Amino acid sequence: MESEERIAEVITLRRILRAQARVVTAVQELSLVRSLPAIQEVVRRAARDIAGADGATFILRDGNKCHYADEDAISPLWKGQRFPMETCISGWVMLNAKPATIPDIYADPRIPADAYRPTFVKSLTMVPIRLHQPIGAIGCYWARPYTATPEEVVLLQALAHTTSVAMENVQVFTELEQRVAQRTTQLEALNREMEAFSYSVSHDLRAPLRAISGFAELLEGEIGPAVSAKGRRYLEAMQQGATQMGSLIADLLKMAQAARQELRRTEVDLAEIAREVAARLREDQPERAVELIIPERLPVSGDRTLLLVVLDNLLSNAWKYTGKTAQPRIELGWENGPPGESNFFVRDNGVGFELAKADKLFTPFTRLHTAYEFPGTGVGLSTVQRIIHRHGGRIWATAEVGRGATFHFTCDGAEPAG
Ligand SMILES: Nc1ncnc2c1ncn2[C@@H]1O[C@H](COP(=O)(O)OP(=O)(O)O)[C@@H](O)[C@H]1O
Ligand SMILES: [Mg+2]
């Protein structure tokens, strides 16, 4: 007799341990979910397993109603239905903020027997989700007379507690997502406004600038021969300032243009574009002997006008920053690398720069060389980066002081075909 009791005790203990392990799994699952339906899915299965029940329901308080939101059972219960709080047991559990265990549903006055007659249910136990102002309930049902043990109720209550935390997390998460989406829309609008603004400002700055340099020229003609050496330096400085500002405005307009212009993708040959740019560079400075290596073909899908701006900037930079190099060499090509690392590149053997500063170059107006060493505006590479980003690609630089620089870029992961 005693040993029979022992056996029963061991069986019970095992069941409790299994149920505990099941709660732990459910807690882990609940820590990963990101939506209410996902929570319901985890909870209805876990509740049924923990109590070894024939069915489980997930009930949400919906104002003055209990909404039977989800269920997992041997045959249909009340999924999708709503009952007044006062007339159903989940309402009682929520209003009283405590569990209910009912061994015989037809003997308990809290149960509306009519709602249960079409179902298999004979016994049930129900726990509230959140003890302070419950927001729902979890119910377990049996097709036979059964009294849920205190341990089962405790474990179900633990599940319900984790459920309420998960529901709060989902709410916070959803709110954050909404806020991020809202901010993104705001930022996009702001960006468009900024672009329109910088475009019109650059545009409007051109007229007064023309006046300054035009009148400086007229002034020089007017007082020309009589002007002192100092006066001439002033006039020259004015002209230089005006020229520099003219380039800045032109570059800013190009940057605004690169961001605004519609992207028209076609099959484009980067090699052909590079040859066009190279011809212009040679024409501008025929005295320079630069070795230019450009492959036969380098096809890619992209916007020709915008990719011309990219190569124009990269090759002009390479041309400019090899200006003091003994045997200047510039190469455009394609580098095969591990997946995701293959890229186009423009390489030179010019002055280079400190590698640690490589990512600063793409910020407008950032220059690593003085205007005295190499003239420029510091806007070109930011324009290039925008264009590459619009093509779904990325751009980065490697360099070494005195040994040259390489600009690598991808174009939507495209590999040149043929
Ligand atoms: N090929 C290159 N070699 C060395 N430095 C470069 C090269 N290309 C760009 N840089 C550095 O990056 C800076 C930003 O380039 P960019 O935006 O084209 O402006 P800019 O050419 O007008 O100075 C340059 O001022 C220069 O310091
Ligand atoms: Mg440049």
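Q: What makes strand 8 and strand 10 count as a pair?
A: In this predicted model, three bridges join strand 8 to strand 10 (residues 329-335), and the two run parallel. Pairing requires at least two bridges, so three bridges meet the requirement. Leu292, for one, has Ile330 in strand 10 as its bridge partner.

Q: What makes helix 8 stand out in the shell around ligand 1?
A: Helix 8 gives the most to that shell, with four residues. Both helix 8 (304-321) and helix 9 (380-390) supply at least two residues each. In total, 20 residues surround ligand 1, and the closest are Arg367, Leu368, Gly376, Gly380 and Leu381.

Q: How does the shell around ligand 1 divide by class?
A: Nine of its residues are nonpolar, nine are polar and two are charged.

Q: What is the strand order of the six-strand sheet, and what leaves one side of strand 3 and of strand 4 without a neighbour?
A: The six strands form an open sheet in the order 3-2-1-6-5-4, with antiparallel pairing. Strand 3 (82-84) and strand 4 (100-102) are at the edges with a single partner strand each, so one side of each has no neighbour in the sheet. On average, neighbouring strands here are turned by 25° against each other, direction ignored.

Q: How do you know that strand 4 and strand 5 pair, and what packs on their sheet?
A: Strand 4 and strand 5 (residues 123-129) share three bridges in the antiparallel sense. The threshold is at least two bridges, so they pair. Ala100 stands opposite Met126 in strand 5. Helix 5 (residues 150-223) packs on the sheet and touches strand 4, strand 5 and strand 6 (136-142). The direction of helix 5 makes about 35° with that of strand 5.

Q: How many helices and strands does the protein chain have, and why is the chain called more spread out than a compact globule?
A: The protein chain has nine helices and 13 strands. Its radius of gyration is 37 Å, well over the 22 Å that the globule rule gives for 418 residues, so the chain is more spread out than a compact globule. Along the principal axes, the C-alpha atoms fill a box of roughly 125 × 45 × 35 Å.

Q: Into which domains is the chain divided, and how far apart are their centres?
A: The division gives domain 1 (2-176) and domain 2 (263-409). Their C-alpha centres lie 65 Å apart.

Terms used
Residues numbered from 1 in each chain as written. Chains lettered and ligands numbered in written order. Predicted model: local features only at pLDDT ≥ 70, side-chain atom pairs only at ≥ 80, totals over all residues. Domains from an automatic or database assignment. Axes fitted to C-alpha atoms, helices over the stretch in contact; angles between N-to-C directions. Contact = placed C-beta atoms within 7 Å. Near = placed C-beta within 6 Å. Nonpolar A, V, L, I, M, F, W, Y, C, P; charged D, E, K, R; others polar. Rg over C-alpha atoms; globule rule 2.2 N^0.38 Å.
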